[in-house]
Amino acid sequence: MSPRARSLVLLAALWAAPPLSAGARAECASGRMAIVPFDYLAVEAPVARDAEQRVREAARRRLSGCVEARPATVRRLERLGPSLAACQDDACRAARASALEAQSVLEGVALGMGGGTALALSLWGRDGKAVRQLVALDGPPERVGRELDDLLGRWLRGARGPNLGPYLVLGAAASAVAAGAVFGALMQQTQQAIAGGTACGGFSDDLAACLERRMALGRQQALAANALFGAGAALAVSGTVWLVWEWQ
Amino acid sequence: MNRFARPTAALALAVSALAAGGPPSSEPGAAFYALVIANNSSLDPARAPLQFADDDGAGYFELLEPQVNEALLLAVLDAETQRRHPRLAARARPPSRRELAAAVDHLARRMAEDRAAGRRAVLYLVYAGHGQKNPAGEGAITLLDGLFGRTDLFDKVIARLPATFIHLIVDACDSYSFVHARGALAAGPSYGPAITEQLSRRAPERHPELGLVLSTTREQESHEWSAIRAGVFSHQVRSALAGAADVNGDGRVEYTELAAFVASANQGVEQARGRVDLLARPPALDRAVALTDIRRSTRQGYLMLPQGLSGRLWVEDERGVRAAELNKQKDRMAAIALPAGRRYYLRGGTREAPFEVPRPGAVVDAGALAWGALPLAARGAVEDAYQARLFSVPFGPSFYRGYVASVGEAPVAIREKLDLAP
């Protein structure tokens with residue numbers, strides 16, 4: 001495979017590769033999740049129980065075996081008693097996660113105001129920093145599922161800390177452009193030497209062969225510069241897209 | 001009344017009701033109405049006009065109008081109140097005997113249609129203004145063109161309305177004063193207790209559909225609160241009706257919950273002359289009937305106050321109108337109903353969190369709001385010692401149980417903890 005073809009394949013691979021799936025990377029990487037039995041306001045208890053079941057299913061889809069079963073969480077809560085039941089700050093939430101021996105805690109309140117039903121969800125980890133989301137339960141199940149996925153995804157991104165991936169890609173882009181600039185400069189030197197007659201010294205039998213070699217070198221330098229500029233541009237776009245996706 | 005006058009007034013009421021627009025608030029098999037009467041003026045030259053009865057009328061109207069099928073307002077709003085409630089003046093009719101009669105005629109017709117169609121008809125009848133005795137010695141409320149006595153109330157209003165339930169709310173102490181100038185106004189005999197006593201004595205026997213929420217403050221001052229441009233009693237009742245009094249979180253505010261909420265809001269006021277007292281008596285027909293039910297579909301949005309958020313909290317809108325206030329227990333949740341389409345500030349202590357209720361039915365989670373420092377200008381409103389003692393006691397199940405036990409009423413069911421069934 002020619003260098004040009006190889007670089008094209010590499011570029012195509014870079015474009016096609018999506019950022020790593022948050023779900024795949026978070027396969028229990030963020031530890032066990034405890035879902036506290038849902039509370040309810042202006043609605044009957046069965047609505048809260050049903051909503052909790054839907055959230056458990058969505059969480060299991062996303063986190064597979066990392067979601068603690070309800071009876072186990074209930075046993076822990078009964079052991080703990082009412083302490084730390086109502087948290088207002090990060091420290092209290094962190095203590096609650098710690099007391100439940102969970103890496104993350106999900107709480108929910110089913111709401112029945114105004115003729116509709118909604119769910120107020122709050123998800124936090126050992127640092128106590130909560131992500132909150134209101135989910136309307138009256139919509140189609142797939143939309144509810146998407147909103148739950150969105151909450152879990154946002155929390156997982158926050159839980160695993162800043163992702164260095166996009167910065168590495170952007171750094172590689174800068175390196176490629178710099179290397180392309182170096183090869184471009186070398187190519188220009190070669191071109192000037194050939195045009196000025198200094199590339200191969202005086203006349204000799206080897207002059208033609210020497211010029212041929214220097215011209216081939218110049219062409220390789222030009223190809224490398226162009227390939228590196230192209231790769232740099234592609235990496236820059238990929239890194240930017242990845243970074244924006246991370247921020248969302 | 002001129003025989004042509006009544007149909008004209010009734011037509012105007014119907015037009016103003018139509019102008020209210022919007023879809024009717026819905027509950028299958030029920031129709032809701034509100035008639036709000038507010039009057040600053042006094043017929044007794046010795047008694048100063050009120051400052052904020054019209055603001056209270058506007059406040060009740062804005063609270064109830066999105067919850068009911070039709071709301072009527074009888075009030076002359078002063079310039080400042082019209083500035084703060086710019087769309088209400090065009091919908092208001094004068095608080096006169098004639099307009100009241102027209103309003104009752106109109107509501108009686110609508111309720112008769114509802115009953116014929118098999119629907120329940122529920123009326124909120126609200127009065128804010130002066131009260132005094134009429135020439136017959138009865139307790140009376142003051143309208144622009146005369147007194148409206150107890151007999152008038154029962155014969156010309158209550159008896160004429162084929163309502164399933166009537167929730168009568170009266171903030172009618174005999175004189176108001178600014179909190180900051182207590183005792184400065186001319187003092188006359190107090191008829192507030194007489195009015196409420198007679199109302200409460202007669203009502204249940206003859207009208208089992210009638211529930212009462214009455215201010216029974218026995219002092220001259222009925223405590224208008226200049227900082228929020230409202231009467232203290234009405235502010236507390238509106239807060240309760242907005243959902244702050246829903247102690248068991250079932251979405252309904254019953255009479256005992258409202259009474260306990262108002263009692264807790266005034267618990268910290270030690271001086272008897274500064275306290276607001278009330279009488280809350282549910283309809284004999286159904287003592288557990290709800291005054292408000294935030295589960296109903298209405299044109300309001302909702303602020304959800306989660307567990308963990310605690311202390312004295314109040315909600316003000318962008319006009320500076322204080323919509324609701326409470327002292328929340330930490331382990332209790334609450335939902336406050338608010339008119340939709342406005343920006344609000346949730347305030348507490350020295351901090352505030354802005355939020356918007358974008359559309360009817362929208363729910364805002366107060367736990368997700370971003371808090372900032374409360375501007376100094378807004379802090380001044382709570383610096384007065386009297387105001388600081390209002391809402392100083394947390395309201396929750398423990399206060400409620402104690403209150404209900406003390407008055408001998410049947411409590412609402414309160415769940416003790418989460419459903420931890422496996």
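**View 1. Helices H8(B) and H11(B) of the predicted model are roughly perpendicular to each other.** The axes of helix H8 (residues 255-266) of chain B and helix H11 (residues 397-407) of chain B cross at roughly 105° and come within 9 Å; because angles of 65 to 115 degrees count as roughly perpendicular, the pair is described in that way. On the H8(B) side, the residues in contact are B:Thr256, B:Glu257, B:Ala260, B:Ala263 and B:Ser264, and these meet B:Phe399, B:Tyr400, B:Tyr403 and B:Val404 of H11(B). Sorted by class, this contact has six nonpolar residues, two polar residues and one charged residue.

**View 2. Helix H7 (residues 232-244) of chain B packs with H8(B) at an angle of about 130°.** The axes of H7(B) and H8(B) lie 9 Å apart, and the angle makes H7(B) oblique to H8(B). The crossing in which H7(B) passes H8(B) is right-handed. From H7(B), B:Gln236, B:Val237, B:Ala240 and B:Ala244 meet B:Leu258, B:Phe261, B:Val262 and B:Ala265 from H8(B), a contact that by class has seven nonpolar residues, one polar residue and no charged residues.

**View 3. Chain B, in which these helices lie, has a secondary structure of eleven helices and 22 strands.** Of the 422 residues in chain B, 52% are buried. Where contacts in chain B join residues at least 6 apart in sequence, 71% of those contacts are between residues at least 24 apart.

Conventions. Residues are numbered from 1 along each chain as its sequence is written. Chains are lettered from A and ligands numbered from 1 in the order in which they are written. This is a predicted model: local features need pLDDT of at least 70, side-chain atom pairs count only at pLDDT 80 or more; totals for chains, interfaces and linings use all residues. Axes are lines fitted to C-alpha atoms, for helices over the stretch in contact, and angles run from 0 to 180 degrees between N-to-C directions. Helices (H or I, at least four residues) and strands (E, at least two) are DSSP runs, numbered from the N terminus. Angles under 35 degrees count as roughly parallel, over 145 as roughly antiparallel, 65 to 115 as roughly perpendicular and the rest as oblique. Two residues are in contact if their C-beta atoms, placed from the backbone, lie within 7 Å. Ala, Val, Leu, Ile, Met, Phe, Trp, Tyr, Cys and Pro count as nonpolar, Asp, Glu, Lys and Arg as charged, and the others, Gly among them, as polar. A crossing is left-handed if the near helix is turned anticlockwise from the far one by less than a right angle, and right-handed if clockwise. A residue is buried if 20 or more other C-beta atoms lie within 10 Å of its own, exposed if 12 or fewer, and partly exposed in between; C-beta atoms are placed from the backbone.
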